[in-house]
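User: I would like to learn how to read a few features from a model. Please take them one at a time.

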Amino acid sequence: MTSNKRQALGDMLLQRGRSPATGVVAALPVNEMPMVLTLDQLRPNPDNPRTTRNPKYDDIKASIRARGLDSVPKVTRNPDSADDVYIFSDGGNTRYSILSELWEETQDERFRRIQCIFKPWPGRLKCVIGHLAENDVRGDLLFIERALGIAKAKAIYQEETGKTVSQRELELFLRKEGYPVSQSNISRMEYTLEHLYPYMPCLFNSGIGRPQVAQLVTLRGAALKAWNVFTVDFPASASFSEVFGTVCRSLDNPEHYTFEALKDELISALLQAIPAPGITYDRWLIELDPNEQNRRKLFGEPAPLPQHVVDADNNADASGEQVTPATIPDFPVSIPPDANNPANEKPFAAIRQPDAIISLPDKPAPENLAVSQEPVARERKEEEQLDLYEEHSELVPIVTLSVVSDATTVEQHEERSASPEDKSAESTISFANIGLEPVTDIWQISALQDDSEHLQDAAFRLAFELAEVLEAEQELIEDNAPGSVGYRLEVNVQQASPITRLLAGLAGDVDASLTAMDLANIVFGTGRPEDWPLLDDVQTVKLLRLIRVIRRLRELQRQLPLPTKGGVV
């Protein structure tokens, strides 16, 4: 027995030992943990969406030089990578570049050894989203950097899932991962990368923001739509992409670029590409007018002119005659005496502005007649009389003829109408007198429009124009139901754009939530040159007008009787 044990022990001692395993590396931690790494062990993330220098680079460098690195960057490591290095998972690339410069300049050890937090490898896609979210919180990314980052995230997501991802699916995925971005923004970014950025890289890399990009997107879309219509009957000497690309390349200089210059050059190039009678500079100008496009979206394409009108215009052009449209002259207007026109005769109808309600005086007129306006108090009183119409005048307002025996009264009225105070009051927001719902006054509401139906229509047109800023007009729908403000959301409020969430909140949607920062970004922007507000001056005036219209509409709705139930009010 003893000899057998000794033999077995001897055999075991003579056996060959185990060979060391080749290619085995230390296992990475499975949870977050602090680590101290040197600059040699760190590398920038190759999928970092930032491609330009951080605008706060010098300030950050001065702070790190004086105080050291206050924030602790998060790093990770790709297990499939052949390089034995750590990369930043949620921002930190700018700080790495600054620390490298400071180490070379000072050789101070505190710049070479960095306190980090290691997190397990989340995957390449989550790293891209993490960098996007981290930079967007500070508002440091340019529009084109954000667009390129989202495009890269979409490409990685499609590679991982093995299928084509729609814009809506990408929006839901990014929102789930903590980076909410609307589908309309994704659509604009993809359109920019495909049709604009290849021709104007210098302009986009200089930092133009979302409002300027929206102008370019709208301009190209309108030009392409008109091009497709015109080329049905007239051949073009080049393709639209060639014409548009050539014009954009010629203005790809941030110092010389203006939107109006691009628009003018584009129209000139389009005229050369489609030399056809009837397609003039003014015709292209109308086709590229965003206000005209808005009208067509709501009311459809304009009806063609009757043939006799076209023939009359052509004959007038051929003969060189000028056709002057018939207009009603402004007040005051002298009316010649007419013995056959007694003062008690039935008043005549003439086309005026809708709120110009005028009536005839009771006493007979002398020989010298003049038309004058009534005092302001009289005008307001007459505006409230909504039934002052002829039976057969098709709701044409009745012109007031007031007898003025003293010419000085007319002169005083002229001076009062032309006073500087009145002119300045009328011109303060005259720039907003455009679009589907032109605004000439924020507060005043004409008596002819002071009812629920008219106010609902006005509110919808204003909301439609505001939503169109982000190409989110498809998220709104007209709603003329009792108790409505004239519109409502077509999509779920959680999926709506910030501007439509704001509009839903004004409409009384209790689920619509908008932070103070979102509201500030919509109306004010920030102090950085690239952070323009979402609404320009015209749209801001229309937002204020919308608030006034809804206030008055709610006031009228509160005056209505409560809905009956079982016949009891």
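User: Is Phe-118 buried or exposed, and what is its relative accessible area?

Analyst: This is a predicted model. Phe-118 has a relative accessible area of 1%; buried means under 20%, so Phe-118 is buried.

User: How many aromatic pairs are there, and how is a pair described?

Analyst: A pair of aromatic rings is described by the distance of the centres and the angle of the planes. Here the count comes to eight aromatic pairs. One of them joins Tyr-86 and Phe-118, edge-to-face, with 5.9 Å centre to centre and 90° between the planes. This pair links distant parts of the chain: Tyr-86 lies in strand 4 (residues 86-88) and Phe-118 in strand 5 (residues 113-118), 32 residues apart. Tyr-86 counts as buried, at 9% relative accessibility.

User: Which charged end sits over the ring of Tyr-86?

Analyst: That of Arg-77, 5.6 Å from the ring centre. In another case, Arg-112 lies over the face of Trp-103, at 5.7 Å from the ring centre.

User: What span should helix 19 have?

Analyst: Helix 19 (residues 452-467) has 16 residues, so at 1.5 Å a residue the span should be 22 Å. Its end C-alpha atoms are 22 Å apart, which agrees.

User: What does a side-chain oxygen of Asp-451 reach at the start of helix 19?

Analyst: The oxygen comes to within 3.2 Å of the backbone nitrogen of Glu-453.

User: Which residues of helix 19 are buried?

Analyst: An α-helix has 3.6 residues a turn, so residues three or four places apart point the same way. In helix 19 the buried residues include Leu-455, Ala-459, Leu-462 and Leu-466.

Terms used
Residues numbered from 1 in each chain as written. Predicted model: local features only at pLDDT ≥ 70, side-chain atom pairs only at ≥ 80, totals over all residues. Heavy atoms only, no water. Helix = DSSP H or I, 4+ residues; strand = E, 2+ residues; numbered from the N terminus. Expected span 1.5 Å × (residues − 1). Buried < 20%, exposed > 50% of the residue type's maximum accessible area, 1.4 Å probe, protein only. Polar contact = N/O pair within 3.5 Å; in protein donor to acceptor, adjacent residues only side chain to side chain. Phe/Tyr/Trp six-rings, centres within 6.5 Å; stacked < 30°, edge-to-face > 60°. Lys NZ or Arg CZ within 6 Å of the ring centre and 35° of its normal.
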